[in-house]
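Have the picture open while you read.

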Amino acid sequence: MTESNIFSRETARAALNGILKAIEQSENASKIKEARDNAGNDMIKRMQFVFPIVMMLQMDVIKEFGFSEGRHGIIQFGQLVRALEQDDAEIALLHGKVRSHFLPDIPSSSGASL
């Protein structure tokens with residue numbers, strides 16, 4: 001994304017919705033489900049098998065919004081989204097939905113002390 005492009009809240013929402021739509025397409029959803037089933041709740045396996053699928057889908061979508069393809073574009077997109085989600089509940093919700101596809105469910109331990 002060049003400096004002349006402004007990454008607005010609307011653009012962030014559109015990009016995140018595009019990523020979710022790509023993830024939910026039947027072919028992609030089945031790939032992710034198979035990878036998640038194989039990884040179980042093992043974070044390392046999720047990062048090895050599920051994370052790359054979601055990142056490839058994310059890269060395909062965000063390049064349509066002016067981000068460079070590859071690691072730099074993903075990092076830049078993530079930083080901008082994290083900055084916007086601080087003040088925008090909808091962006092935070094959408095970003096959380098994207099992350100939920102590659103992060104394992106973390107059980108809530110109410111009342112437990114560390």
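Which residues in H1 meet which residues in H4? On the H1 side they are Arg 9, Ala 12, Ala 15, Leu 16 and Ile 19, and their partners in H4 are Phe 77, Val 81 and Leu 84. Sorted by class, that contact has seven nonpolar residues, no polar ones and one charged.

Before going further, keep in mind that this is a predicted model. The protein has five helices and zero strands, so the pattern you read along the sequence is simply α-α-α-α-α. Out of 114 residues, 37% are buried. Now look at contacts between residues at least 6 apart in sequence: 65% of them join residues at least 24 apart.

**Getting to know H1**

H1 runs over residues 9-24. Its 16 residues reach 22 Å from the first C-alpha to the last, close to the 22 Å expected at 1.5 Å a residue. Several of its residues are tucked away: Thr 11, Ala 12, Arg 13, Ala 15, Leu 16, Ile 19, Leu 20, Ala 22 and Ile 23 are buried. What covers them includes H2 (26-39), H3 (43-62), H4 (71-85) and H5. A handy thing to remember here is that an α-helix has 3.6 residues a turn, so residues three or four places apart point the same way.

**Two partners of H1**

H5 covers residues 89-100, and its axis comes within 10 Å of the axis of H1, crossing at roughly 25°. That makes H1 roughly parallel to H5. With H4, the angle is about 120° and the axes are 11 Å apart, so H1 and H4 are oblique to each other. Here are both pairs:

| Pair | Angle | Axes | Crossing |
|---|---|---|---|
| H1 and H5 | roughly 25° | within 10 Å | left-handed |
| H1 and H4 | about 120° | 11 Å apart | left-handed |

Who does the touching between H1 and H5? Arg 9, Ala 12, Arg 13, Leu 16, Asn 17, Ile 19, Leu 20 and Ile 23 in H1 meet Glu 90, Ile 91, Leu 94, His 95, Lys 97 and Val 98 in H5. By class, this contact has eight nonpolar, two polar and four charged residues.

**A residue on the outside**

Finally, find Glu 34, which sits in helix H2. Is Glu 34 buried or exposed? Glu 34 counts as exposed, because its relative accessibility is 52%. Its C-alpha is separated by 9.5 Å from that of Phe 49, which lies 15 residues away along the chain.

Technical notes:
Residues are numbered from 1 along each chain as its sequence is written. This is a predicted model: local features need pLDDT of at least 70, side-chain atom pairs count only at pLDDT 80 or more; totals for chains, interfaces and linings use all residues. Side-chain values use heavy atoms; hydrogens and water are left out. Axes are lines fitted to C-alpha atoms, for helices over the stretch in contact, and angles run from 0 to 180 degrees between N-to-C directions. Helices (H or I, at least four residues) and strands (E, at least two) are DSSP runs, numbered from the N terminus. Angles under 35 degrees count as roughly parallel, over 145 as roughly antiparallel, 65 to 115 as roughly perpendicular and the rest as oblique. A crossing is left-handed if the near helix is turned anticlockwise from the far one by less than a right angle, and right-handed if clockwise. Contact means heavy atoms within 4.5 Å. Ala, Val, Leu, Ile, Met, Phe, Trp, Tyr, Cys and Pro count as nonpolar, Asp, Glu, Lys and Arg as charged, and the others, Gly among them, as polar. The expected span of a helix is 1.5 Å times one less than its number of residues. Buried means under 20% relative accessible area, exposed over 50%, partly exposed in between (1.4 Å probe, protein chains only).
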